[in-house]
Amino acid sequence: MKKLVVRAQEGDADAFVQLVEQYRQQMYKIAFCYLASSEDVADAIQDTILTAYEKLGDLKHPPYFKTWLIRILINRCKDYLNQRAREITLETVPDREVRDQVLERIICREMLAELDAKYRDVLILHYVEGFRAREIAEILDVKLGTVLTRLSRGRERMKEIYELNQTEGKVDYDERPGNQECI
């Protein structure tokens, strides 16, 4: 991969395309965890790719291309979230199974939205994307111990949110279709 990055930095557009294609699926998953609509996800990814292409010369360590790209994507997603409020209406989803899946995602997003961004980021990167703590530390540019602490506190906070919502009767998570884990 390092050779591809170096070639891309030297102006080889095909090398850049190959790099982006390697991480397109991961980028989509991460963006979808932050953003509610497929259109916003596509826009965030497109903006990320454009920014990465324009700033590729600024990347000092080619082996960290993936980390650098994911960091750009997370920042783009946060920009989108800051720009507009998101709303998903269930009336637009015709199929019950699809509607149930959408409801699952809405509930997960709502629970994640109640977390501080520092906890939400590490939980998404770890549980949704499967990054190891050391990789998350590189992506977020924090110490490994900080990531481990945020994972622990984030899990604990998610548990508290779950229990609070259960006792307040907001949502009966155990009776949701499929009862899939949020993260």
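Here is a walk through the helices, the nonpolar core and the aromatic pairs of this structure. It's a predicted model, so local features need pLDDT of at least 70 and side-chain atom pairs count only at pLDDT 80 or more, while totals for chains, interfaces and linings use all residues. Residues are numbered from 1 along each chain as its sequence is written, and side-chain values use heavy atoms, with hydrogens and water left out.

Let's start with the core. A nonpolar core here is a set of buried Ala, Val, Leu, Ile, Met, Phe, Trp, Tyr and Cys residues joined through side-chain atoms within 4.5 Å; buried means under 20% relative accessible area, exposed over 50%, and partly exposed in between, with a 1.4 Å probe and protein chains only. The largest such core has 48 residues, and those touching the most other members are Phe16, Met27, Ile30, Phe65, Ile70, Leu73 and Leu125. Two or more residues come from each of α1 (2–9), α2, α3 (38–55), α4, α5 (96–113), α6, α7 (133–140) and α8 (144–168). The biggest giver is α2, with 11 residues. Helices are DSSP runs of H or I, at least four residues, numbered from the N terminus.

Setting aside neighbours within four places in sequence, Phe65 is in contact (heavy atoms within 4.5 Å) with Met1, Val5, Phe16, Leu19, Tyr23, Leu56 and Leu59.

Now the aromatics. Rings of Phe, Tyr and Trp (its six-membered ring) pair if their centres lie within 6.5 Å; planes under 30 degrees apart are stacked, over 60 edge-to-face, and the rest tilted. That rule gives 4 aromatic pairs. One of them is Tyr28 with Phe32, stacked at 5.8 Å centre to centre and 20° between the planes. These two sit 4 residues apart in helix α2 (residues 13–34), so about one helical turn separates them. Tyr28 is partly exposed at 34% relative accessible area, whereas Phe32 is buried at 15%.

Phe65 turns up again in a tilted pair with Trp68, at 5.9 Å centre to centre and 45° between the planes. Both lie in helix α4 (residues 65–83), 3 residues apart, about one turn of the helix. Trp68 counts as buried at 18% relative accessibility. Together with Tyr23, Phe65 and Trp68 make up one aromatic cluster.

Finally, there's α6. This helix (residues 117–128) has 12 residues, and its buried residues include Tyr119, Arg120 and Asp121 as well as Leu125. After α6 comes Gly130, with a positive phi near 80°.

Terms used
Expected span 1.5 Å × (residues − 1).
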